[in-house]
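Open the model in your viewer and keep the selection tool at hand. The stops below say what to select next and what is there.

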Amino acid sequence: MGVGFGGNGGRVGRGTGRKSLNPEFLSRLQFALTISFHFIFPPISMGLGIMMVWMAWKHVRTGDPVWRQASLFWVKVYGLVFAMGIATGVVQEFQFGMNWSQYSRFVGNVFGSLLAAEGIFAFMLEGGFLGLMLFGGDRLGSRMWLAATVLVVFGAHFSALWILMANSWMQTPQGFEQHAGQWGPQAFMTNFGSVVNTPSFLPRLLHVYVASWMIGSALVLSVSAWYLLRNRHREFATRNFSAAIKVFTVLAILQVFIFGAQMAIEVTKNQEPKLAAMEGNWKTQTCAPLYLVGWVDESARQTYAIGVPCLLSFLSYGSFDAAVPGLDKFPEKNWAPVNLVFQAYHVMIDLGFLFPLIGVVAWFVWWRRKGERLPRWLLWVSISTVFLAEVATIAGWWTAEIGRQPWVVWNIMRTSAAVSPTLGTGDVLLSLITFALLYALLLVLFLFLLDRKIKHGPEALEERYQTDLPNTFRELFRQRAQARASGDLELEDVPR
Amino acid sequence: MSLADLWFVLFVAIIGGYIVLDGFDLGVGMLHPFAAKEDRERRIVLNSIGPIWDGNEVWLVVGGGVLFAAFPVVYAAVFSGFYWALMLVLIALILRTVAIEFRGKRESSRWRGLWDTVFSASSFGLALLLGVAFGNVIIGIPLDKNGDVRLDSVLDVLQPFALFLGATTIAMLLMHGSLYLVAKTEGDLQARIRRRVPLFISVFTLMAAASAVWIAVSDYGVIDTFTDHPWTLVFPIAALVAYLVMIVMVRGGSDVLAFFGSSTVLFLSVATISAGLFPNMLKSSTNPAYNMTVSNASADSYTLTVMLVVAIIGIPFVLLYTAGVQYLFSGKVRLTESSY
């Protein structure tokens with residue numbers, strides 16, 4: 001123990017050099033850009049996946065062909081989202097070494113093994129079975145389809161579990177010791193159990209899972225609402241809307257009152273300076289207010305905001321008189337960029353409060369009018385939910401990550417001490433621009449293709465989806481073997 | 001054999017697996033605009049790797065993760081030191097994914113032609129980069145005492161031997177990809193590719209032989225292992241045997257076996273180079289004292305043990321469903337509604 005990272009003094013903290021163009025700042029910007037863009041997709045993989053499991057299960061239970069039709073439609077969207085997730089996910093793994101080599105050397109024993117476990121366990125499960133799901137959509141019976149969907153979705157969640165585990169370790173590190181070796185100080189794992197289950201892990205995992213399922217149900221809700229607005233695919237859209245609105249509303253309520261609240265309590269317990277930045281709380285005070293919207297003037301050290309008096313004290317400590325620590329309790333060099341964290345956090349919670357409201361109103365109107373003739377404004381609001389949910393989720397991620405600054409590993413290693421020493425400002429500037437251009441291209445193509453798929457809509461169903469398709473792995477392999485033996489595959493040749 | 005040695009072997013096996021699996025994807029990508037004449041053929045070629053290419057690419061991600069965990073200082077040195085090489089890899093990987101996903105989404109021949117070019121160019125680029133990377137590892141890199149790579153300029157990476165190994169890798173993957181396509185296609189398309197196979201094999205043979213001679217006469221230190229521990233000669237000898245078997249199978253028209261032959265050749269080539277490097281993982285061209293070896297660069301035994309448990313649980317599943325999915329989609333390519 002005792003081998004610390006001092007960082008580079010003024011450059012690290014809140015000095016004037018913080019925003020100048022140096023490899024550290026540019027690398028942070030590049031990481032923020034690439035992770036934010038990547039993080040659009042995995043929540044859809046999980047959330048839409050859960051919706052698809054539900055649809056596949058309904059099809060097994062009821063045999064109602066509309067659920068088969070829905071599965072075959074959504075799997076196309078799923079494939080697109082998944083491809084984007086893989087393409088941008090590789091970048092994340094590479095960047096730890098590329099831009100943060102000192103970090104990688106220091107944490108490889110601990111953090112690296114969680115990433116590797118993710119790769120070995122989960123990513124291959126997804127990647128491997130995704131092929132079965134995407135290309136076997138019209139070759140599999142309803143039970144087999146359900147099995148394939150469950151496996152892919154399980155893989156997506158299992159994958160996220162390891163990543164969130166690794167991130168939680170950076171937020172609330174434990175289960176390791178520091179020693180200096182030939183290559184400088186390194187963190188060595190001493191207890192895998194504590195590394196895996198850090199105090200912030202479970203609240204974070206559940207918070208992110210629920211957020212992802214909200215995004216998935218919001219996507220289904222948005223697309224169905226759009227079809228209803230355009231009066232297309234009415235049967236399909238009605239059934240999908242009806243399923244999605246229930247899931248979305250229930251999750252939105254649970255997120256506010258249970259999972260989001262638990263996450264806030266965890267930050268209160270383990271990362272007090274982060275909580276102070278999130279609420280723009282400069283001075284330790286009793287009866288601290290919970291803000292809804294505001295602006296932090298960092299130079300004047302003032303927060304101008306409207307909110308509910310004493311509510312933060314109550315939510316954090318269960319008492320209106322409880323003292324909530326402010327930034328004044330901590331040295332200035334350990335403060336995060338306060339206004340940025342404040343804004344990100346409030347975008348998230350304001351939307352978080354809005355979602356149950358949207359859900360309850362939409363569900364009520366839907367119920368009163370029995371799914372017929374919904375008002376246009378309500379459909380437009382429903383269409384907006386997926387975009388709002390994505391914004392809220394990414395804002396939440398920003399809160400967690402920017403709120404952790406100036407630490408890369410909380411209270412252990414400063415971000416300034418983590419950057420690759422071999423990089424020049426020009427290198428990172430150029431790679432940042434490259435990523436910005438590449439991702440702009442990806443975003444345009446993604447939206448273009450998503451739009452096409454949605455405009456194209458679900459296909460009419462064929463009879464054979466109901467019968468004679470394999471329903472177990474054994475049947476699947478037997479059919480393949482027979483097709484091979486007879487030299488003829490069961491598929492007709494259908495050019496696109 | 002220590003835990004670190006075991007993880008070196010596993011890492012080499014993962015990289016070997018990646019080269020074999022994504023290798024034929026890359027070969028197919030390079031051949032795509034040349035072997036297939038019209039759109040229908042190009043779709044067949046693309047769909048030969050359609051259901052499996054992303055699963056294959058995951059092996060690279062796993063390899064990166066394993067390197068990060070088991071040999072963190074090597075991961076940190078290589079990824080930061082060869083920043084621009086890695087950027088190019090990422091750009092090529094992303095563009096290849098985009099091209100595969102997006103080419104079939106519009107009918108227009110300009111649209112498809114554009115993505116065909118991107119698909120092929122990114123595949124060539126990745127093959128070249130893989131070879132250049134291996135080349136640099138063999139030559140040695142300017143590691144300093146902190147474990148950082150101090151390149152004076154990007155051009156340091158492009159030494160003649162590394163470039164030659166890059167070209168050799170292109171030839172190797174053209175051979176590998178063409179054998180894969182012969183096994184996956186039929187009719188005119190298959191006949192056209194089959195006619196090119198002997199050319200690819202000959203070019204690869206000449207270049208691989210030249211690379212071997214280049215390594216033998218240069219002072220790269222790779223030969224020492226084989227003279228010090230003659231048993232390691234089993235890798236190059238087995239590679240040679242696999243090569244001869246492949247030739248026989250190609251001549252005999254056993255398409256699937258010929259492809260398995262070239263897969264074995266690729267895997268054993270990676271094993272041969274790795275055995276030659278052992279116990280070094282990265283050689284410092286500045287000072288041998290800064291070499292990163294399997295023992296001084298590895299994670300500690302606690303981490304390696306945890307990882308071993310993960311691998312023992314995880315890897316059988318990985319192999320099982322890799323094999324399962326490959327089997328399900330084996331046989332000749334037919335285009336269906338869900339094809340690219």
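Start with chain A. Of its 496 residues, 50% are buried, where buried means that 20 or more other C-beta atoms lie within 10 Å of a residue's own, exposed means 12 or fewer, and partly exposed is in between, with C-beta atoms placed from the backbone. This is a predicted model, in which local features need pLDDT of at least 70 and side-chain atom pairs count only at pLDDT 80 or more, while totals for chains, interfaces and linings use all residues. Residues are numbered from 1 along each chain as its sequence is written, and chains are lettered from A and ligands numbered from 1 in the order in which they are written.

**Stop 1: confidence**

Colour the model by pLDDT, the predictor's confidence in each residue, from 0 to 100. Chain A has a mean pLDDT of 86, with 88% of its residues at 70 or more. Now select residues 1-17 of chain A: the pLDDT there is below 50, and the stretch has 27 contacts in the model beyond near neighbours in sequence. Two residues are in contact if their C-beta atoms, placed from the backbone, lie within 7 Å. Select residues 487-496 of chain A next; pLDDT stays under 50 here too, and the model has 16 contacts for them beyond four places in sequence. Where pLDDT is low, the predicted coordinates should not be read in detail. Chain B averages 88, and 98% of its residues score at least 70. For the model, ipTM is 0.89 and pTM is 0.89.

**Stop 2: the hairpins of chain A**

Switch to a cartoon view of chain A, which has 14 helices and eight strands. Helices (H or I, at least four residues) and strands (E, at least two) are DSSP runs, numbered from the N terminus. Among the contacts in chain A between residues at least 6 apart in sequence, 78% join residues at least 24 apart.

Select residues 176-181 and 184-189 of chain A. These are β1(A) and β2(A), antiparallel strands joined by six bridges; two strands pair if DSSP finds at least two bridges between them. They form a hairpin with two residues between them. Click on E177(A) to find its bridge partner in β2(A), F188(A).

Move to β4(A), residues 290-297, which runs antiparallel to β5(A) and is joined to it by seven bridges. Opposite D297(A) stands Q302(A) in β5(A). This hairpin has four residues between the strands, and R301(A) takes a positive phi near 55 degrees in it.

**Stop 3: backbone exceptions**

Most residues other than glycine have a negative phi, and most peptide bonds are trans. Follow β5(A) into the loop between β5 (302-308) and α10 (311-317) of chain A, where C310(A) lies. C310(A) is not a glycine, yet its phi is positive, about 70 degrees. It is partly exposed, with 19 other C-beta atoms within 10 Å.

Select H233(A), in the loop between α7 (201-230) and α8 (234-270) of chain A. H233(A) also has a positive phi, about 45 degrees, without being a glycine. Is H233(A) buried or partly exposed? H233(A) counts as partly exposed because it has 19 C-beta neighbours inside 10 Å.

For a cis peptide bond, select Q405(A) and P406(A), where omega is near 5 degrees. P406(A) is in the loop between α12 (376-402) and β7 (407-409) of chain A. In chain B, a cis peptide bond joins F278(B) and P279(B), with omega about 5 degrees. P279(B) sits in the loop between α11 (255-277) and β1 (280-282) of chain B.

**Stop 4: where the chains touch**

Show both chains. The contact takes 63 residues from chain B and 62 residues from chain A. On the chain B side, α3 (53-70), α4 (72-81), α5 (83-102) and α12 (301-328) each supply at least two residues. The most come from α12(B), with 13 residues.

Select α5(B). Of its 20 residues, 15 are buried. The helix reaches 28 Å from its first C-alpha to its last, close to the 28 Å expected at 1.5 Å a residue, the expected span being 1.5 Å times one less than the number of residues.

**Stop 5: the core**

Which residues have the most contacts inside the largest nonpolar core? They are A148(A), M214(A), F248(A), V341(A), A70(B), V74(B) and A77(B), in a core of 260 residues. A nonpolar core is a set of buried Ala, Val, Leu, Ile, Met, Phe, Trp, Tyr and Cys residues joined through C-beta atoms within 7 Å. Finish on V74(B): not counting residues up to four places away in sequence, V74(B) touches L67(B), M281(B), L282(B), M292(B) and A297(B).
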